Amino acid sequence: MYVFDFGAPIGYRIAARHPNWIQGVIAQNGNAYESGLGPNMQPVVQYWINQKEMEPVIRGALTAEATRSQHLEGAAHPDFVDPDVWTLDQHWLDQAGRDQIMLDLLYDYQSNVALYPAWQAWMREHQPPMLLPWGRNDQFFSESGARAYLDDLPSAELHLLDTGHFVLDEQLDTVVHLIDDFIGRHTP
């Protein structure tokens, strides 16, 4: 199972319900620990507490400049990041009604945090092979969240890469190599 960002909670919900379906996990900046809620997630945490007051702040995160920043923040070589990645993201964010969908999604993210202990228990019990290619400079899901996996899965393979949240924007070849090697060692 490959999980990233908002996809991690979906994957972990499936894994907790059907542990026998999961042969291994590749979690690329897919958080499952409160310690991993980095600085850029703190306004979202405040949004859960005071939705009305924080809504303008959260809406600000849906702008073209904010989307661009999310892809470039923490990048070792921001000039090499293809502008198509944030332009396409923004295209979809700008569709009618998407702003409210994103506000609802970000507000509901707290339901995932409430399930973190259950997912951590699943990891401790089942000890799935895990590969963690993680952007060391991710301001959404921080390095401390990546390291927290090692408490529950001591054999997890953590690779902190010199980039931000969108690891594949800069480190695609590296991550492909890590995944190819990981799958080769963990499949019959």
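In this predicted model, arginine 59 is partly exposed, with a relative accessible area of 30%. The side chain of arginine 59 meets that of aspartate 99 in a salt bridge, with a distance of 2.7 Å from N to O. Aspartate 99 is likewise partly exposed, its relative accessible area being 30%. The bridge connects distant parts of the chain, since arginine 59 belongs to helix α3 and aspartate 99 to helix α6, 40 residues apart. In general, side chains of opposite charge can pair when their charged atoms come close.

A search of the whole structure finds 8 salt bridges. Among them is the pair formed by arginine 68 and glutamate 65, whose closest N and O atoms are 3.7 Å apart. Both residues of this pair lie in helix α4 (residues 64–72), where a spacing of 3 residues amounts to about one turn of the helix. Arginine 68 has a relative accessible area of 34% and is therefore partly exposed. A further salt bridge joins arginine 147 to glutamate 143, with 2.8 Å between the closest N and O atoms. Arginine 147 and glutamate 143 are both located in helix α7, 4 residues apart, again about one turn of the helix. For arginine 147 the relative accessible area is 41%, a value that makes the residue partly exposed. Salt bridges with shared partners also join Glu55, Arg59 and Asp99 into one network.

The largest nonpolar core contains 36 residues, of which Tyr12, Val25, Ala27, Met123, Met130 and Tyr149 touch the most other members. Two or more residues of this core come from each of the elements α1 (7–17), β2 (25–28), α2 (42–49), α3 (51–60), α6 (98–126), β3 (130–135) and α7 (143–152). Helix α6 makes the greatest contribution to the core, with 8 residues. Another core, of 8 residues, lies apart from the largest one and includes Ile26, Val167, Val175 and Leu178. In soluble globular proteins, nonpolar side chains tend to be buried together.

The surroundings of tyrosine 149 draw on several parts of the sequence. When neighbours within four places in sequence are left aside, tyrosine 149 is in contact with Tyr12, Ala27, Gly30, Asn31, Ala32, Tyr33, Met123, Met130, Leu132 and Trp134. Glutamine 120, a residue of helix α6, touches Ala32, Tyr33 and Asp152, not counting residues up to four places away in sequence. With a relative accessible area of 15%, glutamine 120 is buried, because the limit for burial is 20%. Glutamine 100 also lies in helix α6, but its relative accessible area of 36% makes it partly exposed. The C-alpha atoms of glutamine 100 and methionine 1 are separated by 29 Å, the two residues being 99 residues apart along the chain.

Aromatic rings form 9 pairs in the model. The rings of phenylalanine 6 and tyrosine 109 have centres 5.5 Å apart and planes at 80°, so this pair is edge-to-face. Because phenylalanine 6 lies in the loop between β1 and α1 while tyrosine 109 lies in helix α6, the pair ties together parts that are 103 residues apart in sequence. Phenylalanine 6 is partly exposed, at a relative accessible area of 28%, whereas tyrosine 109 is buried, at 1%. Tryptophan 134 and tyrosine 149 form an edge-to-face pair as well, with 6.1 Å from centre to centre and 65° between the planes. This pair links strand β3, which holds tryptophan 134, to helix α7, which holds tyrosine 149, across 15 residues. Both tryptophan 134 and tyrosine 149 are buried. One aromatic cluster is made up of Tyr12, Tyr116, Trp119 and Trp122.

On the surface, Tyr2, Leu168, Leu172 and Val176 form a nonpolar patch with about 340 Å² of accessible area together. Helix α8 (residues 167–186) gives the most to this patch, with 3 residues. Valine 176, which lies in helix α8, is partly exposed, with a relative accessible area of 48%.

Positive phi values were found at residues other than glycine. Aspartate 5, in the loop between β1 (2–4) and α1, has a positive phi of about 50° although it is not a glycine. Aspartate 5 counts as buried, at 14% relative accessibility. Glutamine 127 is located in the loop between α6 and β3, and its phi, near 45°, is positive in a residue other than glycine. At 36% relative accessibility, glutamine 127 counts as partly exposed.

Technical notes: Residues numbered from 1 in each chain as written. Predicted model: local features only at pLDDT ≥ 70, side-chain atom pairs only at ≥ 80, totals over all residues. Heavy atoms only, no water. Core = buried A, V, L, I, M, F, W, Y, C linked by side-chain atoms within 4.5 Å. Buried < 20%, exposed > 50% of the residue type's maximum accessible area, 1.4 Å probe, protein only. Contact = heavy atoms within 4.5 Å. Patch = residues over 30% accessible without salt bridge, like charges linked within 9 Å, V, L, I, M, F, W, Y side chains within 5 Å. Areas by Shrake-Rupley, 256 points an atom, 1.4 Å probe, with all protein chains shown as cover. Salt bridge = Lys/Arg side-chain N within 4 Å of Asp/Glu carboxyl O. Phe/Tyr/Trp six-rings, centres within 6.5 Å; stacked < 30°, edge-to-face > 60°.
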